[in-house]
Amino acid sequence: MAAKKLRRAQLSQEMCERLSRYQVTTCQDFLCLSVLELMKVTGQNYYEVQKLLCKVSRACAPKMQTAYEMKLRKSVNPSSAFLSTTLLSLDRVLHGGVPCGSLTEITSPPGCGKTQFCIMLSVLATLPVSMGGLDGAVIYIDTESAFSAERLIEIAASRFPTYFDSDEKLLCMTRSIHLYRELTCCCVLKRIMSLEEEIISKKVKLIIIDSVASVVRKEFDTKLQGNLAERSNFLTRGASVLKYLAEEFSIPVILTNQITTLLSSGPGIQADLVSPADDLSLSE
Amino acid sequence: MQREVGTLPLAPALRARLAAAGFQTAQELLDTGPCGLSKEIGISREEALEALQVVRQECHGDAARPAGGSGATRKCTALELLEEEQTQGFIITFCSALDNILGGGVQLTKITELCGAPGVGKTQLCMQLAVDVQIPECFGGVAGEAVFIDTEGSFMVDRVVDIAAACVQHCHLIAEAQPEEDLRKALETFSLENILSHIYYFRCRDYTELLAQVYLLPEFLSEHSKVRLVVIDGIAFPFRHDFEDLSLRTRLLNGLAQQLIIIANDHKAAVVLTNQMTTRIGQSQSTLVPALGESWGHAATVRLIFHWDNSQRLATLYKSPSQKESTIAYHITSHGFRDVQPPAVTHSTEGAEPNPRKRPRTEEEKQ
């Protein structure tokens, strides 16, 4: 929305040409200028500039919806609001399962089972809706090379022996899980940016990133100057794109995190390694 | 009428030409008339007429202001302000300890900022306020509507439904304890559907959409004149990444703050912003401070900082022009924002002026 060209904001052709002479071509450039600068750049008086501001704002402002409309829309399709984890007590605590349309973060000390949980959720997502799944593909971004395809088949075969009764069904399931191995922050970010088209073409219904913490920890030492800013820059950019994808396509997005010790003057307490602005946190 | 030409809001090129031609005051322009003006400066008659209309509008605005018109400069005495403040309502938070340290609740016409780490309850409080602003006047509320601008995507409709249902039930209990006609009549319109329909939700994905939405807010508020609360949850998120030019960020934030203050005053609305925390690395230790820098600290009138103490949530009133700094504990239950223990005393005044519209509340029914 921000990069929308002013031409499409219904400004007149000559105004757009005049503005492009000052390198003001998108709505973002236009709205970042102060009123006096706009008067100089457009050559209009104050009241005309106010009208232009309203026009450009209308072109990129979000649409209004009341909370009631949102509730009605959700209640139309209640089954697609959660991905059940098949662990009854966990589903009860989460009010149904992993929520669609928002980010969920899973954190734990090493060896507790985060990757196993993610692999199980991948299997669940490929199941048909009648069995509690999402009947779609899965995108699995693996930064630790911990994903094991054999383990995936083992979980599927032992958990749902009646459904996966033939090799063909197992292979069909594995074909809908798309694994990407990214080993640096830059690659992870690039991959996240390219996900929109993949989701549409492959009919993806679940995104898993395992794990965000390992790449960040490898590359950013928070004791060095400047690294903290760059690290939070990377995390917030990734988080905002993932939030957009989750909301736009109404699919669950799962991130895993690691636990480290927060050294303070008192006894050491456990703290999450990275904390982007996530919606829900599960601690195992 | 003696206003100088250089101060008129005309196009800069036109102003330059007028100055070059020797015009000094607005009265001279009006006396010359459009045809004379167009011949002297060399512009078309239509442009000259447009310029004169702007001048006339400005001068008319100047003349109207001393008569007490609602322009940008309003003059009133402190006594008038005191009377206004005393009759003004507060938006309660349902946590009486928090209401007490705020002096009654979230104040209208002021900007309140809520800062805290993720997960401490800022969005919960915002959703609670969006419901509480709609409480009818006979129950001690403001009977207004709410605008919710969401930049982080943390608004959950199901949670608002829970909070609204608890609020409606609470009002029903009060109405049963005090059988009066107007209470019952007010409850007819205070239903779940009505509450949800009067929360206007905007989802802004980056700072450009946020700026655009704030530019369009005055028009929206004039159309929906019952809005008494504008929530922006959170203001920090779109400005914290992708900003190499920090001076641009400061300028945009200051512009936003000014516009929000104007909106709060003109429409008698409360503006509530949520902010994130960031780490400031000192020489020997690092501390958590509100994000967006020191200069942003001046934007809000009232600042609340939420933090944890082991497993207890605490709220500290960090900045306020009228209340003293204090810390209280609060709880987030399935019904929303609440006190830690049930309040032992009633709400009737501990030093605060009795609000003539409010009825003294009976003891709150706990859950």
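In this predicted model, Leu6(A) is in contact with Leu11(A), Cys16(A), Leu19(A), Val24(A), Thr25(A), Thr26(A), Cys27(A), Phe30(A) and Val56(A), once its neighbours within four places in sequence are set aside. Leu6(A) also belongs to the largest nonpolar core, a set of 60 residues. Along with Leu6(A), the residues with the most contacts inside this core are Phe30(A), Val147(B) and Phe239(B). Helix 10 of chain B, spanning residues 207-223, provides the largest share of the core, ten residues. Another core, of 57 residues, lies apart from this one, and Leu114(B), Ile135(B), Leu187(B) and Ile328(B) are among its members. As general background, nonpolar side chains tend to be buried together in soluble globular proteins.

The meeting of the two chains comes next. In chain A, 44 residues are in contact with 48 residues of chain B. Between them the chains bury about 4,100 Å², with 64% of it on carbon and sulfur atoms. On the chain A side, Cys32(A), Tyr47(A) and Pro62(A) lose the most area to chain B, and together they account for 14% of what that side buries. Polar links are found here too: eleven residue pairs are in polar contact across the interface of chain A and chain B, both residues of each pair being at pLDDT 80 or more. At least two residues of the side of chain A that touches chain B come from each of helix 2 (27-32), helix 3 (35-42), helix 4 (46-60), strand 1 (65-66), helix 5 (67-76) and helix 13 (227-249) of chain A. Helix 13 of chain A gives the most, with nine residues. Sorted by class, the side of chain A that touches chain B holds 21 nonpolar, twelve polar and eleven charged residues.

Salt bridges form a further part of the picture. Side chains of opposite charge can pair when their charged atoms come close. Over all chains the count comes to eleven salt bridges, and three salt bridges are counted between chain A and chain B. One pair is Glu219(B) with Arg58(A), whose closest N and O atoms are 3.2 Å apart. Because Glu219(B) lies in helix 10 of chain B and Arg58(A) in helix 4 of chain A, this pair joins two chains. Both partners have some accessibility: Glu219(B) is partly exposed, with a relative accessible area of 35%, and Arg58(A) counts as partly exposed at 48%. Another pair crosses between chains from Arg203(B), in strand 5 (residues 199-203) of chain B, to Glu247(A), in helix 13 of chain A. Their side chains meet in a salt bridge of 2.9 Å, N to O. Here Arg203(B) is buried, with a relative accessible area of 10%, whereas Glu247(A) is partly exposed at 23%. A network of salt bridges links Glu247(A), Arg203(B) and Arg205(B).

Within chain B, Arg303(B) forms a salt bridge with Glu113(B), the closest N and O atoms being 3.1 Å apart. Arg303(B) lies in strand 10 (residues 302-309) and Glu113(B) in strand 3 (residues 111-116) of chain B, so the pair ties together parts that are 190 residues apart in sequence. Arg303(B) counts as buried at 8% relative accessibility, and Glu113(B) is buried at 0%.

Arg313(B) is found in strand 11 (residues 312-319) of chain B. Leaving out residues up to four places away in sequence, Arg313(B) touches Gly119(B), Val120(B), Gly121(B), His307(B), Trp308(B), Ile328(B), Ala329(B), Tyr330(B) and Ile332(B). A polar atom of the Arg313(B) side chain lies 3.0 Å from the backbone oxygen of Val120(B).

A few backbone details deserve a look. Most residues other than glycine have a negative phi, and most peptide bonds are trans. A cis peptide bond joins Asp210(A) and Ser211(A), with omega about -5 degrees, and Ser211(A) lies in the loop between strand 7 (204-210) and helix 12 (212-219) of chain A. In chain B, the peptide bond from Asp233(B) to Gly234(B) is cis, with omega near -10 degrees. Gln23(A), not a glycine, has a positive phi of about 65 degrees; Gln23(A) sits in the loop between helix 1 (13-21) and helix 2 of chain A and is exposed, with a relative accessible area of 65%. Ala143(B) has a positive phi near 55 degrees and is partly exposed at 27%.

Key. Residues numbered from 1 in each chain as written. Chains lettered and ligands numbered in written order. Predicted model: local features only at pLDDT ≥ 70, side-chain atom pairs only at ≥ 80, totals over all residues. Heavy atoms only, no water. Core = buried A, V, L, I, M, F, W, Y, C linked by side-chain atoms within 4.5 Å. Buried < 20%, exposed > 50% of the residue type's maximum accessible area, 1.4 Å probe, protein only. Helix = DSSP H or I, 4+ residues; strand = E, 2+ residues; numbered from the N terminus. Contact = heavy atoms within 4.5 Å. Buried area = accessible area lost by both parts, 1.4 Å probe. Salt bridge = Lys/Arg side-chain N within 4 Å of Asp/Glu carboxyl O. Polar contact = N/O pair within 3.5 Å; in protein donor to acceptor, adjacent residues only side chain to side chain. Nonpolar A, V, L, I, M, F, W, Y, C, P; charged D, E, K, R; others polar.
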